Amino acid sequence: MKKTMYEKIWDSHLVAEAAGQAPLIYVDRHLMHEVTSPQAFEGLRLSGRKVRNPHSILATMDHCVPTKNRNLPIADPIAKKQIEVMAENCRENGLNLYDMQSPNNGVIHVVVPEHGFVHPGMVVVCGDSHTATHGAFGALAFGIGTSEVEHVMATQTLPQKKSKTMLVRIDGELNKFSSAKDIALAIIGKIGTAGGTGYVIEYAGDAIKALSMEGRMTLCNMAIEAGARAGLIAPDEKTYAFLQGKEFAPKGAAWDQALAYWQSLPSDADASYDATVVLNAADIAPQVSWGTSPEQVSGVNDVVPAPESFSDEGKRKACESALAYMGLTPNTKITDIPVDYVFIGSCTNGRIEDFRIAAEVAKGTKVAAGVTAIAVPGSYQVKQQAEAEGLDKIFIDAGWEWRDPGCSMCLAMNGDELSKGQRCASTSNRNFEGRQGKGGRTHLVSPAMAAAAAAAGHFVDIRTL
Amino acid sequence: MQPYTKHESIAAAMNRSNVDTDQIIPKQFLKKVERSGFGIHLFHDWRYNDDGSDNAEFELNKPTFKGAKILVVGDNFGCGSSREHAPWAIADYGFNTIISTSYADIFFNNCFKNGILPIKVEKNVLDALMAEINANEGIRFGVDLENQQVTTPAGNNFSFDIDPFRKGNLLSGLDDIGLTLQHVDQIDAYEQRHKQNFPWLWA
Ligand code: SF4
């Protein structure tokens, strides 16, 4: 039988299938951060269980770490406690932790690929929904809850329900001003935030093949915003080139053995999917979200829609309340929306390529009066690389703040946040009410669009620059 | 999870209805990074005076109820938010059995995940048990899960219903992890194959 990549990975990870119980699948890699793990460790301790495979775990601190004055003690006592507990749990269980002072520190989904910790064909979990990022490598990667974190630590397995498969094919060539972020937003705009529910999405097509590994990570990262369990992209030469030589990548003869296996993973020709969605890359304009859900998104040359334009009752209501929260009126041109804040960073767009593209746009500009712009590298490695290329200078000269790595304003847990009513052009992944601070208003965009908005003080169609 | 074994323990009576999870464990204690240690915060606002001393008026502070494992309590116990911290606190305090006429759904489910047996009884039975405890504080009830029986010194004995699957899990002490570990041989075997197929992951 012809198999999709998802089915191949599923079948090769099936441990047990007992009657009346969910199938048990094996977990190759377990990623961790400080917020969703403490009770799981505690659970292990209470039940007298041990971490089954400590070497399968890589941990970092990212959600509540400060992005400046890293040498000072963390001011928030709860955040401080979480950081300390994480360090203690990792020490006690012999886990590899990139703590706040480590040169390898950064956002978990940025750090893990930097070290080649995830390979094609793996099953990867983390107590974090954006684990989907690692689907860019052809790994089945998804987020889990705290009780499941404990379950995986104790058993190296998870009871799982098999997902349906959805092929999202992006044909043709992307215009040079649009990016993986715009593809991600356009897909969600088309299928909705529940469009992928129950599915694992496989992204394919010429436009996907043309993406860099960074771009593929951005795209898979947001599979979760489309409601999918995970996103997957078939490994190819770019994948192998990215992995080769990395710390946890196989070496020597093992590399050849691994490579042969990886090459067997892509979906068989004519494998069938439960659903197929096709988009034409040439149609994808730079996107800007105008609402409080990632599906409430338009091309930059569009206008803010009117609630009446939605025939679906629920969508009409959602539009109405989103516009009220966002302080927007229907038919306002997207390019007329002013911004107070610009954030470039997160596990969606905090990689080196993102800062290169943004710097190109920011070069020689000045941040508009009244606008605060912060650039937060996804990791110290990204930061270092950017500095080696002089990108930090470009941002600083343009009036940006150049920070230390962390989740920062993606979820505003570390003190970096909007105040009530402030409007932000953000390269993160969620524009939910209050996500970037109580009463804060988030517009999701690509790094290039964010950099252009910082200079202009409002959104701009970068195709006209 | 500890297996639930047949026991005879002090039964404490709390004649209050609609005790919600906010009372069981107030929200200021949810930011902890542990799952254990919630026992000292159980019923915090009732249990302690403003200065932090024990409130002598509160039922569970009575010396006669010290060490109780069985909580006999009024209708609709555990209503309100879904926080699993509530059963964590109850179990950590030392209770493993609750007897009431009714429970909030989520709380009821959460009890089984934490080794707590929530027993449902008719109103007249509950009243009789409360009266028996009040007449003679510190008495011990016997709970036999295997035979689904509760016995009391005054003979207010009764049998109770329980879902057989949950009963099995409580008796064996199996939680979801425990259930999975029943397949540990298959996990071991899988891992052996894994090491052969993907040796570079084990180097
Ligand atoms: S950057 Fe944002 S989405 Fe990514 S792990 Fe951090 S909080 Fe989650």
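**View 1. Helix α2 (residues 38-47) of chain A packs on helix α5 (residues 146-155) of chain A at an angle of about 50°, with the axes 8 Å apart.** The model here is predicted, so local features need pLDDT of at least 70 and side-chain atom pairs pLDDT 80 or more, while totals for chains, interfaces and linings use all residues. Residues count from 1 along each chain as its sequence is written, chains are lettered from A in the order written, and side-chain values use heavy atoms, without hydrogens or water.

**View 2. Here is who meets whom between α2(A) and α5(A).** A:Q39, A:A40, A:F41, A:G43, A:L44 and A:S47 touch A:T146, A:V149, A:E150, A:M153 and A:A154 (contact means heavy atoms within 4.5 Å).

**View 3. α2(A) is mostly covered, with seven of its ten residues buried (under 20% relative accessible area, 1.4 Å probe, protein chains only).** The buried run is A:P38, A:Q39, A:A40, A:F41, A:E42, A:G43 and A:L44. Its packing partners are β3 (29-32), α3 (77-93) and α5 of chain A, plus α3 (85-93) of chain B. After the helix comes A:G48, with a positive phi near 70°.

**View 4. Helix α13 (residues 352-362) of chain A buries A:I352, A:D354, A:F355, A:A358, A:A359 and A:A362.** These residues cover an arc of only 150° around the axis, so they sit on the same side of α13(A). A:G364 follows α13(A), its phi positive, near 75°.

Note on methods:
Axes are lines fitted to C-alpha atoms, for helices over the stretch in contact, and angles run from 0 to 180 degrees between N-to-C directions. Helices (H or I, at least four residues) and strands (E, at least two) are DSSP runs, numbered from the N terminus. Buried means under 20% relative accessible area, exposed over 50%, partly exposed in between (1.4 Å probe, protein chains only). The arc is that of the directions from the helix axis to the C-beta atoms.
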